[in-house]
Structure formats: structure tokens, C-alpha cells
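Have a look at it first, and then we'll go piece by piece.

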Amino acid sequence: MRASLLQIAVNEDETVGARRERVASLVREQAGSDLVVLPELWPTGAFAYDLFEEYAETLDGPTVTAMAAAAAEASVWLHAGSVVERAPDGTLYNTSVVLGPDGGLRSSYRKIHRFGFDKGEAAMMGGGEEIVTVRLPGTGAGTGTDGTVAGLATCYDLRFPEQFRQLTDAGAELLVIPAGWPARRREHWTLLARARAVENQAYVLACCSAGTHGGVEQAGHSRIIDPWGEVIAEAGEDEQILTADLDLSRVAKTRADFPVLRDRVLGLPDPRPGARDA
Ligand SMILES: NC(=O)CCC(=O)C(=O)O
């Protein structure tokens, strides 16, 4: 599978509409890749809270429509990063969408862990309630019988390993993580992305924004990491396109050769009472 991560610069001197057109054209240029990935909330910026209400859209709104057309034109699977979704009851969600090579909506995922400690996204948005995997037929030799199984998570979710273990249990071989991670915690971004690959023995596609918006400089450093934890491609700090060929058969091979997932002990006992004081 050839994967391309588009590390988009999200700056305030570009309008949402202009960025949408620019990104659509970048997606169209990725013909020949199997899977293209965009960052979290790239239309507005993950920290541009003042734009969330104005640019909230349904999943047939302007961003998803433009990305669907671009995916179909390039004939690629497109993980279109996330958009501010407005649900029928008015609730906003940070929602990732996956589009097929015909432009059809194949899956969506509402970010479960909202960032902001009761402010920002955490105050403005509802939290997702579903663990989501999506099968990508035609994307190469996965452990599945019909293409690769991708597990979806978004930015702050990266700090919650239990979500990724559930994705692995649901069959994920490839973990796709769009982000708008701040530069000031870049070390956490790179460390945790690698940890999720090692502990789940899965490919990780971690696609962050570049640029600065809402006063928050973005980390960049998008990465493609193999099931052994090796970083096979890494971006710098500026807008960049990162492409690598993934050998999905390595997921099953790594899990068979070094079977830590098999060795899990499920249902660990509760801590022994008083053990802390012993
Ligand atoms: N957009 C986010 O989820 C930011 C997460 C973050 O800043 C962190 O986990 O640190």
C-alpha cells in the first residue's frame, strides 16, 4: 500500500474556502497513492475555536463534498482528516471521514477524547461513543481477507492506549491518527505515536498540521511508523507531503514472530488491598 500524508499548514492568513480548494488540488495530485491522509480539523484549525460554529457542517457539506470529488478524481482512499460536524440535534463533533476511491463516504468517526480540560473543544463539542474500524478493499496484503483494516483515532485520543487496544482487538492493522498537536508538546506526539505502533504491532499513520492558528504553533512531524516501531518516513515542521510504501503482510508477521499480543493476560486481578502500604 502506498500511503501519502498531507501535512497541511493551517494559518490564519488563508481563508477556509481557499484552504479547501488548495487541499482538494493537493489530493488530486496524489493519484497513484492508495491512501491519502489529512490532519485534524484542517479547514478551520484545531485551535481556532472562534471559527467552529461558523464553519460547522454536515457530512454532505462543502468540505466533505470537495474532498469526495478530489478522492474520486485521484481514485484514492482518502482519510479526509476531521471537520467540525453539526449533528441534526445541533451538537458539534470533531468528526473524521473516510472516502472511497469513488468518492463515497465509507466511514466516519467522532473523536472520543476531547481536548481542553473543560474548555475549548471539550466545552464546545460532544464526545464520540463508538470505536471505529474501516476496511479498505484493494489496498494490499493485510491480515484481513479483503484489504486492510484501519482503526480510526484523532489527536488527543493518542494519549489513551486502551482505545488503540480496542481497535487492535477489532482487527486494526493500520492506525490512522489525524492531529492538530501543538509544537510545545511535540515530544509527546512523536513518542506516543511510536508507542502505539510498538504496543499494537501495527502501522501508524500520524498526520499533523503545520503552521500557527489560534495562537498555537503546530507540531508538524507527521510520521509513518511500521509494526516494529521504526519510523519509515517523517516530515519536518512546514507543510509537506510524506509518502511511503507499506508492506501490510509485516503486521501478521511481526505479531507471529514476536507474539506479545498473544501473551496478554486478560482480566488482570484487582490490586491487592493494602499493597500500597506494605
Ligand atoms: N487537538 C488535540 O487533541 C490536541 C491534543 C494535545 O494538545 C495534547 O494531547 O497534548
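**Starting from strand 3**

Strand 3, residues 77-86, is a mostly covered stretch, with 9 of its 10 residues buried. Keep in mind that what you're looking at is a predicted model.

So who sits beside this strand? Strands of a sheet pair through backbone hydrogen bonds, in either a parallel or an antiparallel way. Here we get both kinds. Strand 2 (residues 35-37) runs parallel to strand 3, and 3 bridges join the two. Strand 4 (residues 92-99) is antiparallel to strand 3 and is joined to it by 7 bridges; Val84, for instance, has Asn94 in strand 4 as its bridge partner. Strands 3 and 4 make a hairpin with 5 residues between them, and in the turn Gly90 has a positive phi of about 95 degrees.

Now zoom out. These strands belong to an open sheet of 6 strands with mixed pairing, in the order 5-4-3-2-1-14. Strand 5 (105-110) and strand 14 (240-245) are the edges, each pairing on one side only. On average, neighbouring strands in this sheet are turned by 25 degrees against each other, ignoring direction. Helix 3 (residues 62-74) packs on the sheet, where it touches strands 3, 4 and 5, and its direction makes about 175 degrees with that of strand 3.

Back to Leu35 for a moment: this residue of strand 2 is also the bridge partner of Ala3. Strand 1 (residues 2-7) pairs with strand 2 in the parallel sense, over 3 bridges.

Last stop, the ligand. Among the residues around it are Glu40, Phe115, Trp181 and His188. The shell divides into 6 nonpolar, 2 polar and 3 charged residues.

How values were computed:
Residues numbered from 1 in each chain as written. Predicted model: local features only at pLDDT ≥ 70, side-chain atom pairs only at ≥ 80, totals over all residues. Near = placed C-beta within 6 Å. Nonpolar A, V, L, I, M, F, W, Y, C, P; charged D, E, K, R; others polar. Buried ≥ 20, exposed ≤ 12 C-beta atoms within 10 Å, placed from the backbone. Helix = DSSP H or I, 4+ residues; strand = E, 2+ residues; numbered from the N terminus. Pairing = 2+ DSSP bridges. Axes fitted to C-alpha atoms, helices over the stretch in contact; angles between N-to-C directions. Contact = placed C-beta atoms within 7 Å.
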